[in-house]
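Trainee: I have a new model open and would like to go through it. Please keep the answers plain.

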Amino acid sequence: MIRLAHREDAEMVRALVRDAYGHYVERLGREPGPMRDDYGRRIAGGQAWVLEEEGEIVGLVVLEEQPEGLLLDNIAVAPAAQGQGHGRRLMTFAEEEARRRGFDELRLYTNVLMVENIARYTHLGYVETGRIREKGYERLYMVKRLA
């Protein structure tokens, strides 16, 4: 079940993100942006959804509505739950949420060194729209047109 995150989920969400992104620290030379995010603020703002399986939070998606459209700011799956289709389910949810809000595309970004993510997003139909240095990270922006 995917549901809006509740205030009491904040610590579990932070731990899930730390576990999911921890292996990138060495590659990037610092913590990825999602590990530094304020999930209490995201939850309070109605931007964070969690995926629960058997009462346990196994995934997260953060969606941020911006003037230019809906941004998929973060998606994470607990390492023990990876490879079971949870990431795909969260991506589908994000795309459906964009449509529900009246957007005809969904935007996202990732670090240029997270090549696995770039390949995954490309496979799902996202195309690169630009690369910029932002908040100390080299980011690649992508967009998917929604039917």
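**Notes on the model**

Trainee: Let me start with R131. Is R131 buried or exposed?
Mentor: R131 counts as exposed, because its relative accessibility is 51%. The cut-offs are under 20% relative accessible area for buried, over 50% for exposed, and partly exposed in between, with a 1.4 Å probe and protein chains only.

Trainee: Before I go on, what kind of model is this?
Mentor: This is a predicted model, in which local features need pLDDT of at least 70, side-chain atom pairs count only at pLDDT 80 or more, and totals for chains, interfaces and linings use all residues. Residues are numbered from 1 along each chain as its sequence is written, and side-chain values use heavy atoms, with hydrogens and water left out.

Trainee: Back to R131. Which strand is it in?
Mentor: R131 is part of strand β6, residues 127–134. Helices (H or I, at least four residues) and strands (E, at least two) are DSSP runs, numbered from the N terminus.

Trainee: And what does R131 touch, apart from its neighbours within four places in sequence?
Mentor: R131 is in contact with V112, R139 and L140. Contact means heavy atoms within 4.5 Å. Take V112: 19 residues separate R131 from V112 in sequence, and their C-alpha atoms are 8.1 Å apart in space.

Trainee: Let me zoom out. How many helices and strands are there?
Mentor: The protein chain has five helices and seven strands. Their order along the sequence is β-α-α-α-β-β-β-α-β-α-β-β. The radius of gyration of the chain is 14 Å, close to the 15 Å from the globule rule for 147 residues, so the chain is as compact as a globular protein of that length. That radius is taken over C-alpha atoms, and the rule is 2.2 Å times the number of residues to the power 0.38.

Trainee: What share of the residues is buried?
Mentor: Of the 147 residues in the protein chain, 50% are buried. On contacts, 58% of those with a separation of 6 or more are between residues 24 or more positions apart.

Trainee: New topic, the strands. Which way do β1 and β2 run, parallel or antiparallel?
Mentor: Strand β1 (residues 2–4) and β2 run antiparallel, joined by three bridges. Two strands pair if DSSP finds at least two bridges between them. One of the partners is L51 in β2, which is the bridge partner of I2.

Trainee: What comes after that, for β2 and β3?
Mentor: β2 pairs with strand β3 (residues 56–66) in the antiparallel sense over six bridges. V50 has L60 in β3 as its bridge partner. As for cover, five of the six residues of β2 (residues 48–53) are buried.

Trainee: How many residues sit between the strands in that hairpin of β2 and β3?
Mentor: Two residues sit between β2 and β3, and E54 in this hairpin takes a positive phi near 50 degrees. E54 is a residue other than glycine. E54 counts as exposed because its relative accessible area is 84%.

Trainee: Which other residue has a positive phi although it is not a glycine?
Mentor: K135 has a phi of about 55 degrees. K135 is in the loop between β6 and β7 (137–145). With a relative accessible area of 67%, K135 is exposed.

Trainee: How many residues of β4 are buried?
Mentor: Nine of the nine residues in strand β4 (residues 69–77) are buried. β3 and β4 run antiparallel with eight bridges between them, and a hairpin of two residues joins these strands. In this pairing E65 has L70 in β4 as its bridge partner.

Trainee: And β4 with β5, parallel or antiparallel?
Mentor: Parallel: β4 and strand β5 (residues 105–111) pair over three bridges. L71 stands opposite R107 in β5.

Trainee: Where do the side chains point in a regular strand?
Mentor: In a regular strand they alternate between the two faces of the sheet.

Trainee: Last one. Where is D37?
Mentor: D37 is in the loop between α2 (24–28) and α3 (39–44). D37 counts as buried because its relative accessible area is 16%. Apart from neighbours within four places in sequence, D37 is in contact with R42 and D73.
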